[in-house]
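Dear colleague,

Here is the structure we spoke about. My notes on one helix and on the nonpolar packing follow below it.

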Amino acid sequence: IVHRDIKPDNIILLDSNARRDFSLTNAIGVVGRSQLRALKAVLHSRPLRAWMVLIHHHIVEYPIRSLGLQERIGVALVNAPDVLKALARSASPVLVLHGHRHRAWIGRRGDVEVCSAPSVLFGAKGQDTSSGSFHVYDLAARGEGGLRLAASEHVSVA
């Protein structure tokens with residue numbers, strides 16, 4: 001993703017990998033308390049800035065009825081509501097890019113735009129998984145230093 005209005009200090013990387021002793025599986029994630037405090041401080045310190053947040057685990061539940069309990073709970077970000085609440089309090093729109101579930105999905109929660117990536121190796125669940133895939137996002141500047149998703153292109157890898 002390249003856009004002239006996105007600078008390295010507009011990007012926030014959150015580590016959502018749970019400590020090894022936290023859970024029985026590496027599929028469950030958590031954003032630690034100190035990292036969550038730092039996120040809130042950064043968002044508050046620069047209120048009129050476009051933010052792109054990169055995180056492995058998803059922060060919102062997809063509105064897909066066919067998702068089983070294993071996928072809804074077994075691969076969760078334990079404190080996703082806290083992370084979403086912190087992002088939603090930003091004075092500027094926030095774009096969140098994540099993977100983990102291998103589903104191609106784009107949605108919004110208030111001013112937080114969420115883009116879920118499929119797997120480059122396995123593709124997207126619920127779609128043809130004979131090849132991998134990824135998305136190319138076209139980002140556009142919004143007034144007051146904001147950022148918005150202008151378009152998304154799905155690319156299959158043979």
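**Helix α1 and the cores**

What covers the buried residues of α1 includes the strands β1 (11–14) and β2 (51–55) and the helix α3 (80–88). Please bear in mind that this is a predicted model.

The helix α1 itself runs over residues 33–45. Its 13 residues reach 18 Å from the first C-alpha to the last, close to the 18 Å expected at 1.5 Å a residue. L36, L39 and L43 are buried in α1. Seen down the helix axis, the buried residues of α1 fall within an arc of 55°, so they line one face of the helix. An α-helix has 3.6 residues a turn, so residues three or four places apart point the same way. On the face of α1 turned away from its buried side are the exposed residues R33, S34, R37 and H44.

L39 also belongs to the largest nonpolar core, which has 22 residues. Those with the most contacts inside this core are L39, I59, V83, L87, V96 and V112. Two or more residues each come from β1, α1, β2, α3, β3 (94–98) and β5 (112–116). The most come from α3, which gives 5 residues.

As for V112, leaving aside its neighbours within four places in sequence, this residue is in contact with I59, L84, L87, A88, V94, V96 and G107.

Another core, of 7 residues, lies apart from the largest one. Among its members are C115, Y137, L139 and L149.

Regards

Note on methods:
Residues are numbered from 1 along each chain as its sequence is written. This is a predicted model: local features need pLDDT of at least 70, side-chain atom pairs count only at pLDDT 80 or more; totals for chains, interfaces and linings use all residues. Side-chain values use heavy atoms; hydrogens and water are left out. Helices (H or I, at least four residues) and strands (E, at least two) are DSSP runs, numbered from the N terminus. The expected span of a helix is 1.5 Å times one less than its number of residues. Buried means under 20% relative accessible area, exposed over 50%, partly exposed in between (1.4 Å probe, protein chains only). The arc is that of the directions from the helix axis to the C-beta atoms. Contact means heavy atoms within 4.5 Å. A nonpolar core is a set of buried Ala, Val, Leu, Ile, Met, Phe, Trp, Tyr and Cys residues joined through side-chain atoms within 4.5 Å.
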